[in-house]
2 protein chains.
Amino acid sequence: MNAMDPLPLYRQLASHYLNAIDNGTLAVGARMPSVRTLMARHSVSLSTALQACRELEQQGVLEARPRSGYFVRARTRALAPAVEPVLHVADPAQYVGIHERVSAITARSLQADVQTNLGGACGAPELYPNEALSRTAQRVLRQKPMLFGENAPHNGEPSFRLTLAQRALTHGMQLTTDDIIVAHGCVEALNLALRAVAQPGDIIAVESPTFFGLLQILETLGMRALEIPTSPQTGMSLEALQRAAETYPELKAVVVVPNFQNPLGSIMPDATKQALVAWCEQRDIALIEDDTYSALTNDDVPLRALKAWDKTGNVIHCASLHKVVSPGMRLGWIAPGKWLARCQMLKYAQTRPNEALNQLVLADYMATPAYDRHLRRLRQHLRTQRLQVADAVAAYFPEETRLSVPSGGLGLWVELPDQISSREVFERGLDQGIRIAPGMMFSNSTRFDHFIRLSVGLPYTPEVERAIRALARIVDRMGRVAA
Amino acid sequence: MNAMDPLPLYRQLASHYLNAIDNGTLAVGARMPSVRTLMARHSVSLSTALQACRELEQQGVLEARPRSGYFVRARTRALAPAVEPVLHVADPAQYVGIHERVSAITARSLQADVQTNLGGACGAPELYPNEALSRTAQRVLRQKPMLFGENAPHNGEPSFRLTLAQRALTHGMQLTTDDIIVAHGCVEALNLALRAVAQPGDIIAVESPTFFGLLQILETLGMRALEIPTSPQTGMSLEALQRAAETYPELKAVVVVPNFQNPLGSIMPDATKQALVAWCEQRDIALIEDDTYSALTNDDVPLRALKAWDKTGNVIHCASLHKVVSPGMRLGWIAPGKWLARCQMLKYAQTRPNEALNQLVLADYMATPAYDRHLRRLRQHLRTQRLQVADAVAAYFPEETRLSVPSGGLGLWVELPDQISSREVFERGLDQGIRIAPGMMFSNSTRFDHFIRLSVGLPYTPEVERAIRALARIVDRMGRVAA
Ligand SMILES: Cc1ncc(COP(=O)(O)O)c(C=O)c1O
Ligand SMILES: Cc1ncc(COP(=O)(O)O)c(C=O)c1O
């Protein structure tokens, strides 16, 4: 244990054993060293040793057996086989109007009386530092009495952009205030990026499956999505991308979510990231990265952005604070590289600069240690909830169900037996007040129609448990009818 | 005078005589009835009569002459001839990339060290109810402790949309909460409207001259602007529109600012509004109205929106609160008529719903009498400032200068002697720390190159006076060199 580490001792201890469990040194069912052993081995107090074990228990990693101590729990990863990657390259000619499907599903969800929303990609409100943000906002309002009377600065508040640039260093990016434009969430950033580099009719390579919002953006911009097979572990297949580019040499841009891809949760290895940056640069294909989730990782080791390897400005970095700091703020940003001037112009023409208040609030809050404490707490909660939802799926869903448990992000991608229609699961779920995201939203093709995405953003209450059981019953019944 | 009128007596009295002056019953130079006469004639107190005269003096309508009483001032309207309408129909083939001009000018203005900004289209910060808004915001934050943790509602806060619908009644519109989508200013509303009704390559009729932001939006969307001659008094010429539609039968939409057009300040007469609505409906051409300024009228008689005559949903109403309540908030809205579902989808795909906080603040504030008091105060200030700027232009600019003084809005459209390049006036002004909006920004053609738009949003300080004198000298010198 390291006294210089900012983490409390018990968390260092917990993290040490978590690694041992994750890498198999301590296998499922193994007995955790006793509290006494821990005290002796690591020179820690009884309370530290106990706190570490309780921490791991709370995260669903250990279970306490009366009078025997702590044991490594049967983990989902051991139970449910990994999601099967789909390796077929789509033909853009097969393109269908995804927005009608997405819009139909959104409209349907809004009409319905949803009690348990497992369809979102956001944390529950209580996971965010609402009180601190509210206090900061009240202070900013007192300090700037003319705030509501003044136009917001072009391209975003300089103090906020400076904070963002400083934080970006952690992910390997060298940015200045002037490289950044503040936008209304990553969604606006993606709109700007695509409009900067491509025209209606152009072909854009995307992951398959991918975030439905991206497909909807492409559709509304009149651009064509070329879906590239993507692994639940390592993200977009570079090989498949290369093959696709041979077939479609007019390819204009590639959009990827390199860290905790939505819906897969995959992380692209650093070597692949670097290769992808080089490949796009060589071919003069714009590379747009969507960095919505990388802060939501299990461990505190920061993931690198594609932009970290960008030397020519060919990578457009789009990011969001909406799921990380405040779902109530629509704050995101874009570092457009060589398309800076064009993106500034497009932002001005599309919505004008973002309002100042929330930017000032985050500039202030994100520069404090409270922000790092919030991040650690959020990550821990998400890790726990992720394991809990995964366990429940493994326990209740039919045996053929497959599942990968990512090490970060807000969702679980679940492959159902392949005769099951996720659209029908969605409809029947809604009838019972349960909302999920059906797989057909994540592709223009039909090949993810038997997948669903479940949110891990909610605290694992009995209500969530009941909802997952109810979904399992729905799938089970549909499977039987089909068989 | 009417005791039931919510206006204080002295304002009723002032308004009564203002009408008399405006319609010529009391001509320039005429003596205002004495305070004693006013007391007797209207059965008011001495202080009321005095207050009324001072009010009119402050508005620049009367001048006090020592020991003689009040006299009707020589008014700008009498001095400077009205702006000459330009009646030539543009050929869309002449279309040039306006965005590069606008962007170059914006960039240039941002680099420059601007001391006096007469180039904006917003009121000075102190004209807005900043304190009341800030207090309301702090209260909302205390009342809603989870606000920053929760996603904002789709399409906008219902309470805010209800307030907007209620206020819209004043302008003759029958709307419900569900008819309205909240957007990031009128600029986002216009983007949504145009994307809903037209495709890249389509032809859109606009006023000539028109708000440069609209030309920039069209350019970024790849649509073609067809400029229709527009009168400084009565707005877009329906006759010219009809002729243009014969030449370009593929016309997709018409965009107009019926009330206080930017930059002209024109108001379309109700009969023309009604005829335009009917004409577009018959031809199945979408009618987009931009209602950014109608609240900024001199008198408290509300102007009607085009939407008031819409029976089939063919009118898309776009509006803004940015210049009316709070330049620090980017709040606008759209009532998309029959394109409601499509605009909801586009809004979701472009930026997701607007943040809740500012919407809740305005929902609260706009439902109080304080809002109406703010509006009356703002209108009065703008009226005074408008006359002051107009007087200064009439006094200092070369004699051939023409000027129309509109009865509302935030700008004055000034026609310089026709050999003067407004771009050069702009550059030389910037050199002296003075920013204006050069006429070439308001058209894709060159025919407004000798016009400038001056803001009337600033209190008429000695600094503003100096700036206008400096501009006059610049124009004067340029005129002499050219002659
Ligand atoms: C990959 C990805 N990008 C972007 C977004 C939206 O980001 P924001 O809310 O910042 O607009 C999401 C939300 O689901 C997402 O999953
Ligand atoms: C006619 C017109 N429409 C729209 C706008 C911009 O509106 P908002 O600030 O609400 O986006 C302006 C501002 O100059 C304008 O003059």
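This is a predicted model: local features need pLDDT of at least 70, side-chain atom pairs count only at pLDDT 80 or more; totals for chains, interfaces and linings use all residues.
1. **Extent of the contact.** Chain B gives 55 residues to the contact, and chain A gives 55 residues. Together the two chains bury about 4,600 Å². Of that area, 58% lies on carbon and sulfur atoms.

2. **Polar pairs and charges.** How many salt bridges cross the interface of chain B and chain A? The rule finds 0. Polar contacts are present: 23 residue pairs are counted between chain B and chain A, with both residues at pLDDT 80 or more.

3. **Elements on the chain B side.** Six helices of chain B are named here as giving two or more residues to the side that touches chain A: α5 (98-111), α6 (130-143), α8 (185-197), α9 (212-220), α12 (340-350) and α13 (356-365). The largest share comes from α6(B), with 7 residues.

4. **Residue types on that side.** The side of chain B that touches chain A holds 27 nonpolar residues. Another 20 are polar and 8 are charged.

5. **Burial of α13(B).** The buried set runs A356(B), L357(B), N358(B), Q359(B), L360(B), V361(B), L362(B), A363(B) and Y365(B).

6. **What packs around α13(B).** Which elements do the buried residues of α13(B) pack against? From chain A, the partner is α13 (356-365). From chain B, the partners are α6, α7 (158-169), β4 (181-184), β11 (331-335) and α14 (369-396). Helix α13(B) is also among the elements giving two or more residues to the side that touches chain A.

Notes:
Residues are numbered from 1 along each chain as its sequence is written. Chains are lettered from A and ligands numbered from 1 in the order in which they are written. Side-chain values use heavy atoms; hydrogens and water are left out. Contact means heavy atoms within 4.5 Å. Buried area is the accessible area (1.4 Å probe) that two parts lose on being put together, summed over both. A salt bridge is a side-chain nitrogen of Lys or Arg within 4 Å of a carboxyl oxygen of Asp or Glu. A polar contact is a pair of N or O atoms within 3.5 Å; within protein, one must be able to donate a hydrogen and the other to accept it, and residues adjacent in sequence count only if both atoms are side-chain atoms. Helices (H or I, at least four residues) and strands (E, at least two) are DSSP runs, numbered from the N terminus. Ala, Val, Leu, Ile, Met, Phe, Trp, Tyr, Cys and Pro count as nonpolar, Asp, Glu, Lys and Arg as charged, and the others, Gly among them, as polar. Buried means under 20% relative accessible area, exposed over 50%, partly exposed in between (1.4 Å probe, protein chains only).
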